[in-house]
Amino acid sequence: MAEINRAWVLEKRPVGDDFDSALKFRDLPMPELADGQVLIRTLYLSLDPANRGWMAGPTYMPAVPLGVPMWGGIVGRVVQSKSPKYSQGDIVGGFGSWSDYCALPADGLNKIPDMGGLPLAASQALFGGAGGTAYVGTLDIGQVKAGQTFVVSGAAGSVGSLAGQIAKIHGAKVIGIAGSADKCAWLTGDLGFDHAINYQAENVRERLAEICPGGVDVYFENVGGKVGNAVVANMAKGGRVALCGLVSQYNAEGAVPGLDMLPVLLKGCTVQGFILLDYLHRLGEASQKLGQWLGEGKIKFHADVTDGLKTR
Ligand SMILES: NC(=O)c1ccc[n+]([C@@H]2O[C@H](COP(=O)([O-])OP(=O)(O)OC[C@H]3O[C@@H](n4cnc5c(N)ncnc54)[C@H](OP(=O)(O)O)[C@@H]3O)[C@@H](O)[C@H]2O)c1
């Protein structure tokens, strides 16, 4: 086992997208293991838009303290255990840190089941937070029904790509909004979306009006800003907005313009925000269904894997 623990330490609250000043790569001593804890060798870190919020201040959880390795979802191998729950060699998932090793309470971990030949990265890209968020946002919050028109922004991202496919499985007409021609081609060519709009090159509001003359029944909102408002302007009467994320504003300093509420008022729409942590009881069903749809060839996922803890 190594004698040092390499880690990305959060040293300052980030300003805008200046992560070079906020995060420093440090050699730390190996973590001490307390009773009830296990020492984990990190195999995968999940890099998520929410990480930016955790660096900045309290959100739905306390801010990451300064001077400690940045927090994040991990998958790793148990290398030492002071808990009867886990043994050396077990593969576990949990909330750890951006470091080679971390010592975590066994109670907060879950054992990764046999992946049936899938790469281990699928435990994050399909079955973890991405799949759970897409499942809950599309079905519990968006309540999509067969024959409805479903629009998702951030559509080529990990949550959006799964949300659109789940809506398609449930019989909706699905439109994805993404930021390049290649991403749009992937959505319609590989994932079976009915239409894709490139927000960098097209007028989203006008294109949606052409594609969905009856309006948008369910909008899975991942980005906010101009894209969000272009969709909200096209909502159908009684439409639903599943407010999952607002990634376009996470690096902003100070107040930012919100979603335009006039169409919500005029069309009698419902906007419901949600945080996956409040729906953890739905993760079992989500994983079971996602696995089933994967086996039936109804769903695809893409894991964007970068090799190595220090890549810059
Ligand atoms: N509510 C919850 O519990 C929960 C849980 C997980 C994630 N989320 C939220 O879900 C959203 C998607 O997360 P993810 O894990 O799928 O992230 P992701 O894989 O990084 O995808 C996010 C996508 O957003 C697009 N994007 C970035 N900046 C944008 C901008 N200014 N305008 C329009 N699009 C922009 C990018 O695609 P393009 O290149 O196409 O622009 C990017 O691929 C985020 O807002 C995240 O915070 C919420």
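Close-up 1. Let's begin with Tyr279, which counts as buried because its relative accessibility is 17%, under the 20% cut-off. In this predicted model, the ring of Tyr279 pairs with that of Phe274: the centres lie 6.4 Å apart and the planes meet at 85 degrees, so the arrangement is edge-to-face. Phe274 is buried too, with a relative accessible area of 8%.

Close-up 2. In one, Phe220 and Phe274 sit edge-to-face, 6.5 Å from centre to centre and with 85 degrees between their planes. This pair links distant parts of the chain, as its members are 54 residues apart. Phe220 belongs to strand S12 (residues 216-221), while Phe274 lies in the loop between strand S14 (270-273) and helix H10 (283-295). As for solvent, Phe220 has a relative accessibility of 0% and so counts as buried.

**Close-up 3. The aromatic cluster around these rings.** Which residues come together here? Phe150, Phe220, Phe274 and Tyr279 form one aromatic cluster.

**Close-up 4. A charge over a ring: Arg41 and Tyr101.** Arg41 lies over the face of Tyr101, 5.3 Å from the centre of the ring.

Conventions
Residues numbered from 1 in each chain as written. Predicted model: local features only at pLDDT ≥ 70, side-chain atom pairs only at ≥ 80, totals over all residues. Heavy atoms only, no water. Phe/Tyr/Trp six-rings, centres within 6.5 Å; stacked < 30°, edge-to-face > 60°. Helix = DSSP H or I, 4+ residues; strand = E, 2+ residues; numbered from the N terminus. Buried < 20%, exposed > 50% of the residue type's maximum accessible area, 1.4 Å probe, protein only. Lys NZ or Arg CZ within 6 Å of the ring centre and 35° of its normal.
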